[in-house]
Amino acid sequence: MDQTETRDRPRVREHYAWWRGVQVTDATVTADGRTFAVEDLRRLREHPGRPQPVRRAVLGVAVAQAAVVAFALAGLVYLNGAGATVYVVAVAQAFTTTVLVVVALVRWPTPVQLWALYRGEPVMLHEDPDPIEFGKVRRAVERAMHTHRLLK
């Protein structure tokens, strides 16, 4: 290829480099092995995704564990009355359940989905549980769409 061919070719600007299977350029959005033309994208929006299955399992275990301990405490109160042991077990239970719930929420956050109309059909472009990376991808797609609209 000589220099005249490279000079006439428009430069493709990359808004978001390849990272975790996502790339956004002036012309295309590639995510999860699918490529979409930026010129065909309209109405970019985000929605919360479904909670991760592990998080639902951990929260279910925390609720079941709390129910078992509550029944055990009710039995202790019925048999022996409210004593120091009941209060210690109740506080330990509340602390353990709180820690489990917080760990589940922090460790397995709800993913956020990026949706757009692609040739008139709603399509999910990208999904990411990391809000920082999701924000980078969303802003890159917005820049690409904005750049494309300005160049028309």
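Keep in mind that the model is predicted.

Let's start inside. The largest nonpolar core has 21 residues, and the ones with the most contacts within that core are Val24, Leu41, Leu44, Leu114, Leu125 and Val141. Two or more core residues come from each of β2 (22–25), β3 (28–31), β4 (34–37), β5 (41–48), β6, β7 (121–128) and α4 (131–151). Helix α4 gives the largest share, six residues.

Now for the outside. Phe95, Val99 and Val103 make up a nonpolar patch on the surface, and together they have about 280 Å² of accessible area. Val99 sits in helix α3. With a relative accessible area of 38%, Val99 counts as partly exposed, because that class runs between the buried limit of 20% and the exposed limit of 50%.

Last stop: the loop between α3 (84–107) and β6 (112–118), where you'll find Thr110. Thr110 is partly exposed too, at a relative accessible area of 26%. So who does Thr110 contact, setting aside neighbours within four places in sequence? The list is Gly49, Arg50, Pro51, Arg55 and Pro129. With Arg55 there is also a side-chain polar contact, at 2.9 Å. As for Asp128, it lies 18 residues from Thr110 in sequence, and the C-alpha to C-alpha distance between them is 8.7 Å.

Notes:
Residues numbered from 1 in each chain as written. Predicted model: local features only at pLDDT ≥ 70, side-chain atom pairs only at ≥ 80, totals over all residues. Heavy atoms only, no water. Helix = DSSP H or I, 4+ residues; strand = E, 2+ residues; numbered from the N terminus. Buried < 20%, exposed > 50% of the residue type's maximum accessible area, 1.4 Å probe, protein only. Contact = heavy atoms within 4.5 Å. Polar contact = N/O pair within 3.5 Å; in protein donor to acceptor, adjacent residues only side chain to side chain. Core = buried A, V, L, I, M, F, W, Y, C linked by side-chain atoms within 4.5 Å. Patch = residues over 30% accessible without salt bridge, like charges linked within 9 Å, V, L, I, M, F, W, Y side chains within 5 Å. Areas by Shrake-Rupley, 256 points an atom, 1.4 Å probe, with all protein chains shown as cover. Salt bridge = Lys/Arg side-chain N within 4 Å of Asp/Glu carboxyl O.
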